[in-house]
Amino acid sequence: MSLVTEVLSQLVSRFPAYYLVVLRHLFERLSGMEAEVSSNVSRKREASLSQIERGEATTSDDAAGQASQSITQVSGTSGVCGSLFKCWTACINFLRVIIGLLCYLCYIFYWVYRDIVVRSQDDETRIWLLTRISDIFPANHTLRIYVLDEISEVLRSRYDRYGSTQDLEEMIRLGTEALSLCPPGHRSRGISLNNLALALRRQYDRSGSKHLLEDALQMFREVLELCPPGHPDRASSLNNLARTLSRQYDQSGSMHVLEEALQMHREALELCPPGHPSRAISLINFANALSKQYDQSGSMHVLEEALQMYREA
């Protein structure tokens, strides 16, 4: 395994990611030139039509002859431009296909490398490699979403350990970009919503800004709608929404909010039977919410239920 790791590390260090970045920028430049050629052809055609109209409207035979001669010249030029434009478009489309294939190969190579090496290395290495991959994909490329989400997860893990404000701000920026690439109905919208909502909730914990909490709640509600009963991520979605509602209760003191949080905690716990890897965290979250209910009501039954859950966790 060490030999394979070393070989792959050397391959990655020499992998032409920057060459693909140059190709991508060249591709964007060629696309701009294509638009410029198309605009020039359109102007030529408009000039031809304008001269035809002037030729038809002229009563003098000499003027009409001059207009006809001019029209012939412009039409010939337009035809040449049209042919060049078609060849140019074909070359650009071919280049699009080549760059697209290189992007996919690069992405596949990243996943192979990550499974063998990256998970055993530090976050800096993972972020560096992910950033190189994200630079390769065009801004609206579908696969770019997965890379952005992966970077957000690494940053979230590092933020939870060190509490860097810079990591948190980068999480929000990347999450916003990923979500903009996932309109309603996109298969990755739930993941992008969840990542951004988690980042906003952490930002709320630092700043106490009410609008951040409201935005996070709205996103977590949409995530839950995307996880109907039977969905494998429904329990975690319920927990995330319930924990955010508990924060809203801490801010507002509304019992209606706390009751909704308790209802979702209870449903999440039902989806985590004994032996489930998420049962312990579900028990703790539910018990925390019950403790808040006890502080409000003073009910011994609520306190006993919370203690039972803490003991099981």
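Biologist: By class, how many nonpolar, polar and charged residues does the lining of the second largest pocket have?

Modeller: Rolling a probe the size of a water molecule over the atoms shows where empty space is left. In this structure, the lining of the second largest pocket has five nonpolar, three polar and eight charged residues, where Ala, Val, Leu, Ile, Met, Phe, Trp, Tyr, Cys and Pro count as nonpolar, Asp, Glu, Lys and Arg as charged, and the others, including Gly, as polar. Please keep in mind that this is a predicted model, in which local features need pLDDT of at least 70 and side-chain atom pairs count only at pLDDT 80 or more, while totals for chains, interfaces and linings use all residues. Residues are numbered from 1 along each chain as its sequence is written, and side-chain values use heavy atoms, with hydrogens and water left out.

Biologist: What volume does the second largest pocket have, and which residues are the closest to its centre?

Modeller: A pocket is an open set of points on a 1 Å grid over the protein atoms alone, where a 1.4 Å probe fits and protein lies on both sides within 12 Å along at least five of seven lines; its lining residues have an atom within 4 Å of a point. The volume, which is the space filled by probe spheres set on points joined across faces, edges and corners, is about 240 Å³ for the second largest pocket. It is lined by 16 residues, of which I127, T131, E170, R173 and L174 are the closest to the centre. Two or more lining residues come from each of α4 (123-136), α5 and α6 (165-180), and α6 gives the most, with six; helices here are DSSP runs (H or I, at least four residues), numbered from the N terminus.

Biologist: How should I read the largest pocket, and which element gives the most to its lining?

Modeller: The largest pocket has a volume of about 640 Å³, and of its 30 lining residues the closest to the centre are N194, D233, S236, S237 and N240. The elements giving two or more residues are α5 (142-162), α7 (189-207), α9 (234-252) and α11 (279-297), with α7 giving the most, at eight residues. By class, this lining has nine nonpolar, 13 polar and eight charged residues.

Biologist: At what angle do α7 and α9 pack, and how far apart are their axes?

Modeller: Two packed helices are described by the angle between their axes and the distance between the axes. For α7 and α9 the angle is about 25 degrees and the axes are 12 Å apart, the axes being lines fitted to C-alpha atoms over the stretch in contact, with angles from 0 to 180 degrees between N-to-C directions. That makes α7 roughly parallel to α9, since angles under 35 degrees count as roughly parallel and those over 145 as roughly antiparallel. Contact means heavy atoms within 4.5 Å, and here N194, L198, R201, Y204 and D205 of α7 meet N240, R243, T244, R247 and Q251 of α9. These residues divide into two nonpolar, four polar and four charged.

Biologist: Are α7 and α8 roughly parallel or antiparallel to each other?

Modeller: Helix α8 (residues 210-225) packs with α7 at an angle of about 155 degrees, with the axes 8 Å apart, and the two are therefore roughly antiparallel. Their contact involves residues including L193, L196 and L200 in α7 and M219, F220 and V223 in α8, and by class it divides into twelve nonpolar, four polar and four charged residues.

Notes: Parallel < 35°, antiparallel > 145°, perpendicular 65-115°, else oblique.
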